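I opened the notebook to look up side-chain contacts, ring pairs and nonpolar cores. The entries follow in the order I made them.

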Amino acid sequence: MKKIFTFFAAMMLVGASFAQLSDYSEAKDFTLYEINKTTGAMITDQAINLYSMLNDYKTVFIDVSATTCGPCYNYHQSGALETLYETYGPGTAANDSRVLFIEGVPYTCSTWAQLTGSASGTWDCVHAFGTSNPVPYPVIPMGFEPNYSNGYASFMNNYNIGYFPTVYMICPSRHVFEVGQQTAANLHNSIASKCPSMTQADNAFLFVVSKPKGGYFCNYNFTPSFTLENSGTNNLTTAGYKITMGDGTEQSFTWTGNLAPLATEVVELPALTGSEHGTHSYTISLLSANGTNLTPTNNVNKYSQSFVVQSAPTTGTLTKQTFTGSSWPTNWFSENGYCAVQSSAVVFYAYQIASGGVGYVYAPMLDFSNNPHPSLQFAYAYRKYNSSSNEKLQVVVSTDCGENWTTVWEKSGTSLATVSGTTSSSFQPSSSQYAYDAVDLLQFAGAGQVIIAFKFTSSYGNNVWIDNVTVADHDLTNIENVELNSELSMYPNPATDVVNIAYDKAIDQVEIYDVNGKLVKSYGHVENTISVSGLATGNYMVKMYTEDGIITKTLVKE
């Protein structure tokens, strides 16, 4: 059964941070159709419309899952959403909650057999765990018509679905919260703590429409805006709001118009521009509605955003990063949130990220003005989930502050794999499962502002890891000079079983190539010996990746 593993392991992965909708975002409307959980036929004469439920003052919980996803299966079998629906859903005393299960992987779940778990590699989302009774809430398969043609792309984009399961709570105010895999009681308690009241005569809510991306390089230039919603029972004709910058400067404004209850309008603020190096922030606050003061004590009426400008090189020409700890090193950052620092390395979570999801990891800006032979070295690890897995990793470089990018290294699928075969478990490599590579950056020699990024594309297969990133001034086109000047010694040579390596600095990776240039052995994080007992008699080239660059030696195996 695909991607079903222990509950503990699943929760460890799902706890990672991804780029779903930010809390207090505005929910976009959708109209979808559920499936008859007895016959497997689509119920096309009863549309499910989000705003209709919200306008009826119901809080809507949506579980976007996949019947090929282990964490999704574990949450389904807990019965939390079933309990929530039966305790607080239609026909109950509270009657304030609605639950929707959305099967969000149309390309692997488009048949009734796949929904019921009778197809290979899937689990049953239609029935309650351990019984033959259908779950009481609607099951909405995005791979079935008319959902796929009418709503799949817009729904996935509007709700930033990047991994499964994604569990959102949508308040009657249309504010969205990612509540995650909680118990029924905790989910329902979230209504009181997060969903604002909509019973005042004069009231308004703020939703953020535009915001800067996670990091800017040399400058920023964008226009912040927000959606103003009339959440009172009277028409909204005026609203006061302000923008506060991180240095404390403020500008106040007054909106005028005529919004009926629950109607919205996008409001633009003046453009923000600047190039000062460092972290910047701004806050939008909603102050009044029809002259009635509002208290922006939480994100219902206040939104804050920070962003980074790297307008100058921060680490000189040499950088070495081993990602110790569990947080991003200084001046490193990610975009789209599909990756994290974990186990002293960077992991791109393809095991949970929907196919097509793209994530970036940016190194600090560097200065190659005085470097005639810049180069990049790094370690990477990947094992395919199945034969069709096709994760892709690229190294891209920009010399114009991120406006344009040049791809200097790329591998995908089998060529990216550092471990043979496939695994249905979430891949976490051992040190010996990393491969090392070096990239010549000669075309960027002399550039004063260089940004290097790792770009990852998921195929919903398995995780990709990177580690030990080094940028240095080493001429990769003339390795012989590195060898001649090296203080590294390798003995005995010729050798039969074991080769000793004497070097006073760390050796991150050793690769052995035959006379045809084929890689025949690879070792990660070598201390001082390597085994060559399995090699056939003959001549070989030994390539060693060190903090000073790549050193090569010839080896004779007897």
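I began with the side chain of Tyr75, which reaches the backbone oxygen of Gln182 at 2.8 Å. I took a polar contact as a pair of N or O atoms within 3.5 Å; within protein, one must be able to donate a hydrogen and the other to accept it, and residues adjacent in sequence count only if both atoms are side-chain atoms.

The model is predicted: local features need pLDDT of at least 70, side-chain atom pairs count only at pLDDT 80 or more, and totals for chains, interfaces and linings use all residues. I numbered residues from 1 along each chain as its sequence is written, and side-chain values use heavy atoms, with hydrogens and water left out.

Is Tyr75 buried or exposed? Tyr75 is buried, because its relative accessible area is 6% (buried is under 20%, exposed over 50%, partly exposed in between, with a 1.4 Å probe and protein chains only). I found Tyr75 in helix H3, residues 70–78 (helices, H or I with at least four residues, and strands, E with at least two, are DSSP runs numbered from the N terminus). Leaving out residues up to four places away in sequence, Tyr75 touches Asp63, Ala80, Leu81, Val167, Gly180, Gln181, Gln182 and Leu187 (contact means heavy atoms within 4.5 Å). Between Tyr75 and Gln181 I noted 106 residues in sequence but 6.6 Å in space, C-alpha to C-alpha.

Next I turned to the rings. Rings of Phe, Tyr and Trp (its six-membered ring) pair if their centres lie within 6.5 Å; planes under 30 degrees apart are stacked, over 60 edge-to-face, the rest tilted. The count is 32 aromatic pairs. Phe323 and Trp332 are edge-to-face, at 5.2 Å centre to centre and 80 degrees between the planes, and both are buried. Phe348 and Phe456 have ring centres 5.0 Å apart and planes at 25 degrees, so I logged this pair as stacked. Phe348 lies in strand S23 (residues 345–348) and Phe456 in strand S29 (residues 451–457), 108 residues apart, so the pair links distant parts of the chain. I also noted a cluster linked by ring pairs: Tyr216, Tyr220, Phe222, Tyr282 and Phe307.

Last came the cores. A nonpolar core is a set of buried Ala, Val, Leu, Ile, Met, Phe, Trp, Tyr and Cys residues joined through side-chain atoms within 4.5 Å. The largest has 67 residues, of which Leu50, Ile62, Phe155, Tyr159, Phe164 and Ile170 touch the most other members. Another core lies apart from it, with 34 residues, including Ala350 and Val450.
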